[in-house]
Amino acid sequence: MTRRTAAPPDLTRTDVAAPFFSTWRVGTPERQRQAVEAIARAWERRPWPSEGLRAYHVYTGHDGETLMHHSRWTSEQAYEAFSKTHRQERVDEIDTAVPDIERLGLHRYRYHRSRERAAGDDRTPGLIVTVRIGFEEAAAGRRADWIGLVLKALADEPAEHRGLIAAHFHLSADASHVLNYAEWESAPAYDEALAAPGQGIGAATELWERVRTYPGVTGFTGSRYDHALGLVPS
């Protein structure tokens, strides 16, 4: 069966080979809440659909309009089988409860590396920030190098941002971008980091300047979310 959990996902699990993220635009904070509850009902009243799905999480955007979905699969084939046999009945029930949802697309990723939480740090994230880093086609093969540079810059921070719990970097399957899923202690802690020198992306150091001006990077797009729903097999 399916059960609800308040625990955030463990993005470093080695049995998840196909993490997917997607976004829905629902329009208002009230419709965000209604959609989350509709998702929970549609899933909780049905058996867990696949051994290949490790967890499914939903987040409410601070923009008051969007939901982010994060599903964690053992393989892309497991998702394709679910999509053919179990997805539509859930979609139909949710759309009946909350009409006119705009689905903005599903993106497939491969987990790459993390700035993991420190040993003994048991804080529950109070804010999730996703940052999409675009790359030119010719620079797609250097995405892993860029991530390594970010992790080195984080490790060499002269005044580490204590509000940052962890940061998890994913490579998009279409080679167009990197997705950073960052866990922060709170929104004020993240705002404090943004207010520090360095244009909101680390300190004003040589390493961070190399991150910001890395050849082939086309831009950074960030979004803020609250974890609203976790679904796992019981």
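Visitor: Let's start with Asp95. What is its relative accessible area?

Guide: Asp95 has a relative accessible area of 25%, so it counts as partly exposed. Keep in mind that this is a predicted model.

Visitor: Which residue forms a salt bridge with Asp95?

Guide: Arg103 does. The closest N and O atoms of the two are 2.9 Å apart. Arg103 is partly exposed, at 30% relative accessible area.

Visitor: Why would two side chains pair up like that?

Guide: Opposite charges can pair when the charged atoms come close.

Visitor: How many salt bridges are in the whole structure?

Guide: A search finds 20. One of them joins Glu37 and Arg4, with the closest N and O atoms 3.7 Å apart.

Visitor: Where do Glu37 and Arg4 lie?

Guide: Glu37 is in helix α1 (residues 29-44), and Arg4 is in strand β1 (residues 2-5). The pair therefore ties together parts that are 33 residues apart in sequence. Glu37 is partly exposed, with a relative accessible area of 28%. Arg4 is partly exposed too, at 40% relative accessibility.

Visitor: What about Asp191 and Arg224, how far apart are their closest N and O atoms?

Guide: They are 2.6 Å apart, in a salt bridge. Asp191 sits in helix α5 (residues 187-195) and Arg224 in strand β9 (residues 217-233), so this pair ties together parts 33 residues apart in sequence. Asp191 is partly exposed at 37% relative accessibility. Arg224 is partly exposed, with a relative accessible area of 25%.

Visitor: Which residues do shared partners join into one network?

Guide: Arg45, Arg46, Glu89, Arg90 and Glu93. Salt bridges link them.

Visitor: New topic. What domains does the chain have?

Guide: The domain assignment gives domain 1 (15-108 + 226-233) and domain 2 (110-224). Their centres, taken over C-alpha atoms, are 25 Å apart. Domain 1 brings 10 residues to the contact and domain 2 brings 15.

Visitor: How much area is buried between them?

Guide: About 930 Å², with 63% of that from carbon and sulfur atoms. On the domain 1 side, Phe21, His62 and Arg108 lose the most area to domain 2. Together they make up 41% of what that side buries.

How values were computed:
Residues are numbered from 1 along each chain as its sequence is written. This is a predicted model: local features need pLDDT of at least 70, side-chain atom pairs count only at pLDDT 80 or more; totals for chains, interfaces and linings use all residues. Side-chain values use heavy atoms; hydrogens and water are left out. Domain bounds come from an automatic or database domain assignment. Contact means heavy atoms within 4.5 Å. Buried area is the accessible area (1.4 Å probe) that two parts lose on being put together, summed over both. A salt bridge is a side-chain nitrogen of Lys or Arg within 4 Å of a carboxyl oxygen of Asp or Glu. Helices (H or I, at least four residues) and strands (E, at least two) are DSSP runs, numbered from the N terminus. Buried means under 20% relative accessible area, exposed over 50%, partly exposed in between (1.4 Å probe, protein chains only).
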